[in-house]
Amino acid sequence: MRSTCPQCGSDKIRSGTRHTHDSVRHVLIYRPLRCRHCRHRFWLVSPFKLLLLLLAVGALVGATAWLARNQHAPVSAPTSLPHVRAEQGDAEAQLKLGLRYAEGDGVIQNDKEAARWFVLAARQGLPEAQYHYGLALLNGRGVVQDYRSAFNWIEMPARSGYAKAQYSLGELYRYGTGTAMDKARAYLWFNLAAAQGMGAAAKARDSLVRQLKPEQISAMQEEAQRISHPASPATAQAEPRAAP
């Protein structure tokens, strides 16, 4: 539709320029025009600007409604935190919760709370929990540092075949932490952990070879075989009867 000047009726119209004193309403909705004949400046509604304004208002209203709905929605406890099952005595859930508190994963990092959940799961015989509780005692994280107790807790999962505990037990024997220093038994536990693919354990084991006598190494290798492949009760009973 062709525009005409509201003052002189001329149809010789060109686009006008905006001024700093123009109102916000004019700037947002209208476009300025100027008559080439009488130089009169006037405004016309801009369909394009009006459409953009309506879209912006609609988006603002939608965002406000979405935020209001989320603010009033009930806030549920994170389902990933196994608090309920842990409180009910689930050892796996207690271990998982202990690890979360130890690492600050989804919760505020808290060594004392981590140790509390570790020991609950450890007392139920969970090797990984026993290992982590032993480390907490070894480093004094969340509990009073106690090398002897740390040694006992780490030894249990090591004898169950938990590789990380076997490596840590080797370190305790190697440096005499919580027990008497025993390089031969350090070799034994490093050897067991290395057999499960721990590269650090293999390096530690090999570093002890020159410090041990051949008969010590042979004895520890035999003991490693016994720990890795314990005799079944039937075999244990059959052996005395087969002996001369």
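Among contacts in the protein chain between residues at least 6 apart in sequence, what percentage join residues at least 24 apart? In this predicted model, the figure is 42%. The protein chain has 12 helices and three strands, and 35% of its 244 residues count as buried. Here is a quick tour, grouped by topic.

**The nonpolar core**

- The largest nonpolar core holds 43 residues, and Y133, L169, L188 and W189 are the ones that touch the most other members.
- Helices that give two or more residues to this core are α4 (91-103), α5 (111-122), α6 (127-139), α7 (147-159), α8 (163-175), α9 (183-194), α10 (199-208) and α11 (214-228).
- Of these, α9 supplies the largest share, with seven residues.
- As background, nonpolar side chains in soluble globular proteins tend to be buried together.
- If you click on W189, look for its contacts with A158, R159, Q166, L169, G170, Y173 and I227, leaving aside residues up to four places away in sequence.

**Helix α4**

- The 13 residues of α4 should span 18 Å at 1.5 Å a residue, and this agrees with the 18 Å between its end C-alpha atoms.
- Buried residues of α4 are A91, A93, Q94, L95, L97, G98, R100 and Y101.
- Those buried residues pack against α3 (83-87), α5 and α6.

**The largest pocket**

- About 210 Å³ of space lies in the largest pocket.
- Two or more lining residues come from each of α4, α5 and α6.
- The lining is made up of L99, A102, E103, D111, A114, A115, F118, H132, L135, A136, N139 and R141.
- Sorted by class, that lining has seven nonpolar, two polar and three charged residues.

**A closer look at S46**

- You will find S46 in the loop between β3 (41-45) and α2 (47-72).
- Is S46 buried or exposed? S46 counts as buried because its relative accessibility is 9%, and the cut-off for buried is under 20%.
- Leaving out residues up to four places away in sequence, S46 touches I29, Y30 and R31.
- Between S46 and I29 there are 17 residues of separation in sequence, while their C-alpha atoms are 5.9 Å apart in space.

Conventions. Residues numbered from 1 in each chain as written. Predicted model: local features only at pLDDT ≥ 70, side-chain atom pairs only at ≥ 80, totals over all residues. Heavy atoms only, no water. Core = buried A, V, L, I, M, F, W, Y, C linked by side-chain atoms within 4.5 Å. Buried < 20%, exposed > 50% of the residue type's maximum accessible area, 1.4 Å probe, protein only. Helix = DSSP H or I, 4+ residues; strand = E, 2+ residues; numbered from the N terminus. Contact = heavy atoms within 4.5 Å. 1 Å grid on protein atoms, 1.4 Å probe; cavity = no way out; pocket = protein on both sides within 12 Å on 5 of 7 lines; lining within 4 Å. Points joined across faces, edges and corners; volume = space filled by probe spheres on them. Nonpolar A, V, L, I, M, F, W, Y, C, P; charged D, E, K, R; others polar. Expected span 1.5 Å × (residues − 1).
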